Amino acid sequence: MRESLQRYTWHEAGIYRHFRETICLPFLTARRSSQRSSLLLLFFLLLFFSGAFLATRLLDSTLLTSIAGNPTPNTILTTTTTHVYPSEIPKKPLPKIQIPLNCTSGNLTRTCPANYYPKNFFHSQDDRDRPPPATCPDYFRWIHEDLRLWKKTGITRDMVQRAQKTANFRLVIVDGRAYMERYARAFQTRDVFTVWGILQLLRRYPGKIPDLDLMFDCVDWPVVKAVDYSGPNATAPPPLFRYCGDDATLDIVFPDWSFWGWAEINIKPWEGLLEELKEGNKRKRWMEREAYAYWKGNPVVAATRVDLLKCNVSDKQDWGARLYNQDWIKETREGYKQSDLASQCMHRYKIYIEGSAWSVSEKYILACNSLTLLVKPHYYDFFTRSLMPVHHYWPIREDDKCRSIKFAVEWGNSHKQKAQEIGKAASDFIQEDLKMDYVYDYMFHLLSEYAKLMRYKPTIPKRAIEICSEKLACPAIGSQKKFMMESMVKGPTDVRPCNMPTPYDALALHTLVKRKANSISQVELWEKRYWENQTKHN
């Protein structure tokens, strides 16, 4: 077997035979030394060129193999190639632009800088490089509902001017700059901090707020009655902005002044206060909290609050409520030691009840991780229409408060896990969906959608003055100055506004309203049965 293999390998292979007959035999059979020398030289030349040719072929093969991404052969020649693939070119961080507040002595004349807002801060290439923005929280869908009446008619100059009747001020934005005409002073500094909030929006999204013209009423109660603008011959209603609305009115709801601070009663700006409330929730776990319903406020502003005080604990009756009168005059005198909101998350249940209209206290109560006992409301603000009974809060009857509160506390103490879940759902909603970023985005989308409806080009009123952060903050003093500095937007954000959700269709809106009503009816049925059983056993 071995001999046959050798015979095939050496004697029968064509390469060997050719080598033997053309090179070896002539060399061996040459008789003269000169012939042998010539043949020897020829042999070495052939050997040299053959080796060079073979080495070149192997080198080319190795390089081609490496470039193709295949493994390099281990025979004859081995090379090591390092591949550098640019997986992703690092993006240059976007510049952080700050808009300085010029409060030098030379600017105490309250003038606005000529080049106040940067132009074209967002570039198209920057926008393509950014991740897509998130969808806005669900309550943004109510923007479409609040503006629906003007979808067909648009908003004319006459409509806006008719809203002046009760407005505190007129605000016009032209080329990204704000102008204000004041008609009447608002209560305390409501108008000042409302305008301050809009100016911060212009600093956050410079050049992105379209030209617009609006009227703003800082009084609590909505006044544009739907019944006055219904029927076949009815005129379009005047678009009037304010802090709250109800089912019988058409006022356009807007975030209230307290998001930037309420200087008169030392309520801090929302961004910092929200973080304090989050930390305050950690001081006592829900199970360690007082197993009662807590409320502290000013009862004299509304009859319904005076009625609530009847539910306080007494020698004869304990309705499960602990109610306290908030004396703001005394608090102011004593330095607000008893009104720290972050220190009032010590009870399992907290009561929300409206004042003369809606109350700014609702967001602070919902943020507490306590189960919110919400006395039937008549008004809504910009975010509360998305709150769901028995998911975010527990509904309380307005016409039978004490018994309703008693049942809610008894139910919660008997269903601790579920009660905690409802409280946490509300707190999570406030922390995640009502953070300041979304407040600004709500303002951005509301004003943008409003501007789309305008049927005329806004112009600066003759009596209007330009306003900017300097005009409000530079001359301010005390808590007003402090809160403005704390809430001031330092410069443009590098994040785009959230994406607006689609409007409700008729069926979805009807389903939402019905679902809320059914949940409230279910609680009232449980409550009725509870008191029927109490009567039987007594």
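The protein has 17 helices and 11 strands. The model is predicted. Of its 538 residues, 45% count as buried. Take the contacts in the protein with a separation of 6 or more: residues 24 or more positions apart account for 75% of them.

**The cores**

In soluble globular proteins, nonpolar side chains tend to be buried together. Here, the largest nonpolar core holds 103 residues. Which of its residues touch the most other members? They are Tyr-139 and Tyr-450. Helix 14, residues 436-452, gives the most to this core, with 11 residues.

Tyr-139 deserves a look of its own.

A second, separate core has 27 residues. Trp-295, Ile-351, Cys-402 and Phe-407 are among them.

Two packed helices are described by the angle between their axes and the distance between the axes. Here are two pairs.

| Helix pair | Axes come within | Crossing angle |
|---|---|---|
| Helix 12 (residues 401-414) and helix 17 (residues 506-537) | 10 Å | roughly 95 degrees |
| Helix 7 (residues 190-204) and helix 14 | 10 Å | roughly 90 degrees |

Start with the crossing of helix 12 and helix 17, at roughly 95 degrees. That angle makes helix 12 roughly perpendicular to helix 17. From helix 12 come Arg-403, Ser-404, Lys-406, Phe-407 and Glu-410. They meet Val-523, Trp-526, Glu-527, Tyr-530 and Trp-531 in helix 17.

Now turn to helix 7 and helix 14, which cross at roughly 90 degrees. Helix 7 and helix 14 are therefore roughly perpendicular to each other. Helix 7 brings Gly-197, Ile-198, Gln-200, Leu-201 and Arg-204 to the contact. On the helix 14 side are Asp-437, Tyr-440, Asp-441, Met-443, Phe-444 and Leu-447. This contact has six nonpolar, two polar and three charged residues.

**Leu-366**

Leu-366 sits in helix 11, residues 361-366. Is Leu-366 buried or exposed? Its relative accessibility is 1%, so Leu-366 counts as buried. Leaving aside residues up to four places away in sequence, Leu-366 touches Thr-372, Phe-383, Leu-387, His-392, Ala-426, Ser-427 and Ile-430. Leu-366 and Phe-429 are 63 residues apart along the chain, and their C-alpha atoms are separated by 8.5 Å.

**Two loop residues with positive phi**

Gln-188 lies in the loop between strand 2 (177-182) and helix 7. Its phi is near 55 degrees, a positive value in a residue other than glycine. With 32% relative accessibility, Gln-188 counts as partly exposed.

Asn-266 lies in the loop between strand 5 (252-253) and helix 8 (270-280). Phi of Asn-266 is near 60 degrees, again a positive value in a residue other than glycine. Asn-266 has a relative accessible area of 28%, so this residue is partly exposed.

Key
Residues are numbered from 1 along each chain as its sequence is written. This is a predicted model: local features need pLDDT of at least 70, side-chain atom pairs count only at pLDDT 80 or more; totals for chains, interfaces and linings use all residues. Side-chain values use heavy atoms; hydrogens and water are left out. Axes are lines fitted to C-alpha atoms, for helices over the stretch in contact, and angles run from 0 to 180 degrees between N-to-C directions. Helices (H or I, at least four residues) and strands (E, at least two) are DSSP runs, numbered from the N terminus. Angles under 35 degrees count as roughly parallel, over 145 as roughly antiparallel, 65 to 115 as roughly perpendicular and the rest as oblique. Contact means heavy atoms within 4.5 Å. A nonpolar core is a set of buried Ala, Val, Leu, Ile, Met, Phe, Trp, Tyr and Cys residues joined through side-chain atoms within 4.5 Å. Buried means under 20% relative accessible area, exposed over 50%, partly exposed in between (1.4 Å probe, protein chains only). Ala, Val, Leu, Ile, Met, Phe, Trp, Tyr, Cys and Pro count as nonpolar, Asp, Glu, Lys and Arg as charged, and the others, Gly among them, as polar.
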